[in-house]
Amino acid sequence: MTNHFDIKVPTMAEMMAAGEKPEILFWVGCAGSYDERAQRITQAFAKILTHVGIKFAVLGTEENCTGDPAKRAGNEFLFQMQAMMNIQVLDGYEVKKIVTACPHCFNTLKNEYPELGGNYEVIHHTQLIQELINQGKLKAEGGDFKGKKITFHDPCYLGRGNGVYEAPRAALEILDADLVELKRCKANGLCCGAGGAQMFKEPEKGKKDINIERIEDVLASQAEVVAVSCPFCMTMMRDGVKHFNKEQQIEVLDIAEISAKVNGLS
Amino acid sequence: MITQIIFFLIFAIAVVLFTIQVKKISQNIKLGRDINRSDHPTERWKVMAKVALGQTKMVRRPIAGIMHIFVYLGFIIINIEVLEIIIDGLFGTHRIFSFLGGFYNFLIGAFEILALLVLIGVIVFMARRLILRLKRFSGVEMTAWPKADALYILIIEVLLMTAFLTMNAADYKLQLAGFGHYIHAGSFPVSHFLTGLLPNQPEKLELIERACWWFHIIGILAFLNYLPYSKHFHIILAFPNTWYSNLNNKGKFTNMSSVTNEVKAMLDPSFTPPAADAVGRFGAKDVQDLNWVQLMNAYTCTECGRCTSVCPANQTGKLLSPRKIMMDTRDRLEEVGKNKAKNGKDYEDGKSLLDDYISREEIWACTTCNACTDACPVNIDPLSIILDLRRYAVMEESNVTGSLNAMFSNVENNGAPWKYSPTDRLNWAKTE
């Protein structure tokens, strides 16, 4: 699939130099910046923002890891160092509102930065997409998903971590698709296996990997598309699909990619 | 008169012994670090009313939840009857509340129905453990004692309820015979079915009635004194435990203020950290490094295993079991408490929660997904203990696997957990 990206993404520095201010800062996150697959999610979301005419900017090279993986792994020093540096940058640009496509960045910025002096309105990209759908700015015109069986895998740090269950489903509900829930969903959702810094280490000894257990739920649902809304879930779910050699049958897509697709943006 | 004195002595000894045990537990809990969990009292009362009193998280699993509500309601409401028994015992009266008339009949009738529901609930619970052998009730941490503990509780409840109903049946039969002081009082919707099983001689009936009465009340007092040694202590601690539970979004982990001071001092050399904030170590190696709410959590845990049954690590065969984290914390805390009582306040036995009870392999298997904290019917938080143990391993010992160390140094040097150049961060936005 060739991916055509022709949007000029402004940075905060550029905006400031031009004497402008964005409505919202798009916090891309490390996965969204560097991971090849997650970059496509980032691009899809940037296209959505541009399409609906939201004035946004990114930090670009001034963005730094939020410190989430360090914190979950017990390195509170490193986390707070990252947090304080990021807060300095964000406050320097007088950022008020942040949107991010990563539930880990979302959770950390929203819940853990305020005590360290960083107070912003932080939303997850699925919440913004839900809002845009409600405002009629995003539609479901493309027929790509018509009649397809689609399921959604809840990310822990969006769902249980912050009680956001409906926003990601909003983008799927307007599709002309056959929406199915996994047997473990919402508050009972099963982790993909990447959280708590597991993404950056080998799993402990066990019977199987957690993402395999999760993909078994997907196989049982007979879904053809697994929607995710976290770049780490994306990696884990794709690996799980590969494990069962189901790449031809099961597609893993982020909510932003699905929205971009049905709005003719990809 | 002599029976009244005996009753008073038994009752007083039971209360004193129970108070001593509760005090020991309270002292152990106070070994934990301080944490402020008294904010937002209104919200806290609401959480307690919903979760502990209202059992809202119990009924997420309907069969166990409804059976538990039977036993819970029975336990609480039948205690009104225990009040009557205590007054009767102390003053040598019989059915002192019977002056309430119709309302008394209603109460006794309600107690009987509840007692039957308790029996049904308890028998279902036994069947789940002994016949159906639900997976949730086994596991490495479910050794002989925890399994026996669960059965003792259920057996005691069967005995207490049976004694209560038999006592009523005998009483009712004596009432019908117009024997002695057995006045017409109460209604017996359940126990009147048992009257046929009892002898007809009033003397024998009186003996049965008295025996059951004594068995019932001594049984309850003995059970009370069993609680502090048992997982069943949850019937008391569930209430404070939910009141003091974490009100924040589950995704929010605490920011360590001791670290904040050091980080501030590093970033700004002119910053002087407040001196009063002297902390022992970063994170937790042993139970005293945990806060008192975490320690109370350990005493509240009734080992139901809902946490472990939803843990992704446990389900995929890893060693981690959130229930074990709580049970280990309690066991270690008991050990530390006993050591201090025996050998003085500053005694160190050279053991610790981390390594001697909870292994590194367990703490590193956690995905911090919060399934365990969400599943717990009384808002216990095993995840916070796992995180504190990790914090100790990382910040005090620098004892982590190479890949995590690599992640740390990447975050520190490249601003990302992977080894990419910060200058490439915007590459995704390159137009083709």
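Modeller: B:Leu90 lies in helix α3 of chain B, which covers residues 62-91. Helices (H or I, at least four residues) and strands (E, at least two) are DSSP runs, numbered from the N terminus. The model is predicted, so local features need pLDDT of at least 70 and side-chain atom pairs count only at pLDDT 80 or more, while totals for chains, interfaces and linings use all residues. Residues are numbered from 1 along each chain as its sequence is written, chains are lettered from A and ligands numbered from 1 in the order in which they are written.

B:Leu90 counts as partly exposed because it has 14 C-beta neighbours inside 10 Å. The cut-offs are 20 or more other C-beta atoms within 10 Å for buried, 12 or fewer for exposed, and partly exposed in between, with C-beta atoms placed from the backbone. Leaving out residues up to four places away in sequence, B:Leu90 touches B:Gln4, B:Phe7 and B:Phe8. Two residues are in contact if their C-beta atoms, placed from the backbone, lie within 7 Å. As for B:Ala177, it is 87 residues from B:Leu90 in sequence, and their C-alpha atoms are 26 Å apart in space.

Another residue of chain B to look at is B:Asp355, in helix α13 (residues 353-356). Its phi is near 85°, a positive value in a residue other than glycine. Most residues other than glycine have a negative phi. B:Asp355 has 13 C-beta neighbours inside 10 Å and therefore counts as partly exposed. A:Glu94 is not a glycine either, and has a positive phi of about 55°. A:Glu94 is in the loop between α5 (76-92) and β3 of chain A. With 9 C-beta neighbours inside 10 Å, A:Glu94 counts as exposed.

Next come the two chains together. In the contact between them, 55 residues of chain B meet 60 residues of chain A. On the side of chain B that touches chain A, at least two residues each come from several helices of chain B, among them α8 (257-267), α16 (382-396) and α17 (402-414). That side of chain B has 28 nonpolar, 17 polar and 10 charged residues. Here Ala, Val, Leu, Ile, Met, Phe, Trp, Tyr, Cys and Pro count as nonpolar, Asp, Glu, Lys and Arg as charged, and the others, Gly among them, as polar.

Chain A is divided into domain 1 (12-130) and domain 2 (139-262), with bounds from an automatic or database domain assignment. Taken over C-alpha atoms, the centres of these two domains of chain A are separated by 23 Å. In chain A, 27 residues of domain 1 are in contact with 28 residues of domain 2. On the domain 1 side of this contact, α3 of chain A gives the largest share, eight residues. By class, that side of domain 1 has 13 nonpolar, nine polar and five charged residues.

Now the sheets of chain A. Four strands form an open sheet in the order β2-β1-β3-β4, with parallel pairing; two strands pair if DSSP finds at least two bridges between them. β2 (56-57) and β4 (121-124) of chain A are at the edges with a single partner strand each, so one side of each has no neighbour in the sheet. Four bridges join β3 (residues 97-100) of chain A to β4(A) in the parallel sense, and A:Lys97 stands opposite A:Glu121 in β4(A). Helix α6 (residues 103-112) of chain A packs on this sheet, touching β1 (24-27), β3 and β4, and its direction makes about 160° with that of β4(A). Axes are lines fitted to C-alpha atoms, for helices over the stretch in contact, and angles run from 0 to 180 degrees between N-to-C directions. Helix α7 (residues 125-134) of chain A lies across β3 and β4 of chain A and runs at about 80° to β4(A).

A further open sheet of four strands in chain A has the order β6-β5-β7-β8, also with parallel pairing. From one strand to the next, the twist averages 30°. Strands β5 (residues 149-152) and β7 (residues 225-228) of chain A run parallel and are joined by three bridges. The bridge partner of A:Phe152 in β7(A) is A:Ala227. Helix α8 (residues 166-173) of chain A lies across β5, β6 and β7 of chain A at about 170° to β5(A). Helix α10 (residues 231-243) of chain A packs on the sheet and touches β7 and β8 of chain A, its direction making about 175° with that of β8(A).
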